[in-house]
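Here is a short report on helix packing and ligand contacts. Look at the sequence and the model, then read on.

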Amino acid sequence: MTTIENEPETRELAGKRALVTGGSRGIGAAVVRRLLHAGAEVLTTARSATSTVPDGAAFVQADVRTRAGAEALAAAAREALGGVDILVHNAGGARPHQDASAIPDEEWQDALDLNYLAAVRLDALLAPEMRERCSGRIVHVSSAAVLTPIGPFLHYTAAKAALENYSKGLALELAPFGIRVNTVSPGRVATPGGEATREEWARLAGGPAQVNADDTTPLGRDGRPEDIAEAVLFLVSDRASWLTGSNVIVDGGEFPRG
Ligand SMILES: NC(=O)c1ccc[n+]([C@@H]2O[C@H](COP(=O)([O-])OP(=O)(O)OC[C@H]3O[C@@H](n4cnc5c(N)ncnc54)[C@H](OP(=O)(O)O)[C@@H]3O)[C@@H](O)[C@H]2O)c1
């Protein structure tokens, strides 16, 4: 199993300043721990003040769904870190509904704001400073569910699909400035948000609360937040120096890639 404890401490991100959205639990918290372990200075954010932010990370309370929230976060990052070398937009998610027609207008907007526009706004605020330094790493967390969009989650997968398209274009625009932009698309990962969403979906469908991951995932288990954090670390490290505009799917082989 991948744990921070059995990873060699390379300090490959020593001197780097990282901003990770949604780092109070789940995948974001694992990313924060992984980047800290690799030597980065890390600021993270969530809407609620919480004791679950990993030790060693700075924390600022902010809601990234709004322009004001993104601006406050960028300002906090400049103040706490002096600038951002690595930006990981991880905060995301959406509640499932019975079918596409049952998704209320405000939840379409919410899904777009959280899963897509928050990344666009944060990038627009922080990439210009990366351009000046001719260096930067951006990772957007999408979802492998984009590959198989279904009605109950269309607000979510459509927003993530937009994020992936945008990420590719931004990567091309920023490549001449030494800035790499990549996407990580998790499959089914055991996190508080992921489990709550799947339970709600099962309730709506009238089925069992849990589908056995051994039956649906070729590698025979749900993902762990650390599995995703490892991919993020690789993408922001110099080991990925010729990777930009890529979408790394980390899903235990679950989703079809046609
Ligand atoms: N888990 C999976 O199976 C799975 C699969 C595919 C993709 N993903 C993607 O992976 C990412 C992380 O998912 P997760 O399962 O780790 O989620 P999670 O357990 O729900 O954690 C989400 C984190 O983001 C924060 N957050 C949520 N809304 C926010 C907002 N508006 N502003 C600032 N922070 C906010 C949460 O804190 P607060 O609630 O306090 O704000 C929390 O720290 C998401 O983009 C998700 O779409 C997850």
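Axes here are lines fitted to C-alpha atoms, for helices over the stretch in contact, and angles run from 0 to 180 degrees between N-to-C directions. The model is predicted. Two packed helices are described by the angle between their axes and the distance between the axes.

**Helix α3 with helix α4**

Start with α3 (residues 105-133) and α4 (residues 154-174). Their axes come within 8 Å and cross at roughly 15°. Angles under 35 degrees count as roughly parallel. α3 and α4 are therefore roughly parallel to each other. Their crossing is right-handed. On the α3 side, the contact includes W108, L112, Y116, V120 and R131. Among the α4 partners are H155, Y156, K160, L163, Y166 and L174. By class, the residues of this contact divide into 16 nonpolar, two polar and five charged.

**Helix α2 with helix α3**

Helix α3 also packs against α2 (residues 67-81). The angle is about 30°, and the axes are 8 Å apart. That makes α2 roughly parallel to α3. This crossing, too, is right-handed. From α2 come R67, A70, E71, L73, A74 and R78. They meet R121, L122, L125, L126 and E129 in α3. The contact of α2 with α3 has six nonpolar and five charged residues, and no polar ones.

**Helix α1 with helix α7**

How are α1 and α7 oriented to each other? The axes of α1 (residues 26-37) and α7 (residues 225-236) come within 8 Å and cross at roughly 50°. The two helices are therefore oblique to each other. The crossing of α1 and α7 is right-handed. G26, I27, A30, V31, R33, R34 and L35 form the α1 side. The α7 side includes P225, E226, I228, E230 and V236. This contact has 10 nonpolar, one polar and four charged residues.

**Ligand surroundings**

Which residues are closest to the ligand? They are S24, S48, N90, Y156 and T191, out of 32 residues that surround the ligand. Y156 is also one of the α4 residues that meet α3.

| Residue | Protein atom | Ligand atom | Distance |
|---|---|---|---|
| T191 | polar side-chain atom | oxygen | 2.5 Å |
| D63 | polar side-chain atom | nitrogen | 2.8 Å |
| G92 | polar backbone atom | oxygen | 3.5 Å |

T191 and D63 use side-chain atoms, T191 towards a ligand oxygen and D63 towards a ligand nitrogen. G92 uses a polar backbone atom.

Terms used: Residues numbered from 1 in each chain as written. Predicted model: local features only at pLDDT ≥ 70, side-chain atom pairs only at ≥ 80, totals over all residues. Heavy atoms only, no water. Helix = DSSP H or I, 4+ residues; strand = E, 2+ residues; numbered from the N terminus. Parallel < 35°, antiparallel > 145°, perpendicular 65-115°, else oblique. Left-handed = near helix turned anticlockwise from the far one by under 90°. Contact = heavy atoms within 4.5 Å. Nonpolar A, V, L, I, M, F, W, Y, C, P; charged D, E, K, R; others polar. Near = heavy atom within 4 Å. Polar contact = N/O pair within 3.5 Å; in protein donor to acceptor, adjacent residues only side chain to side chain.
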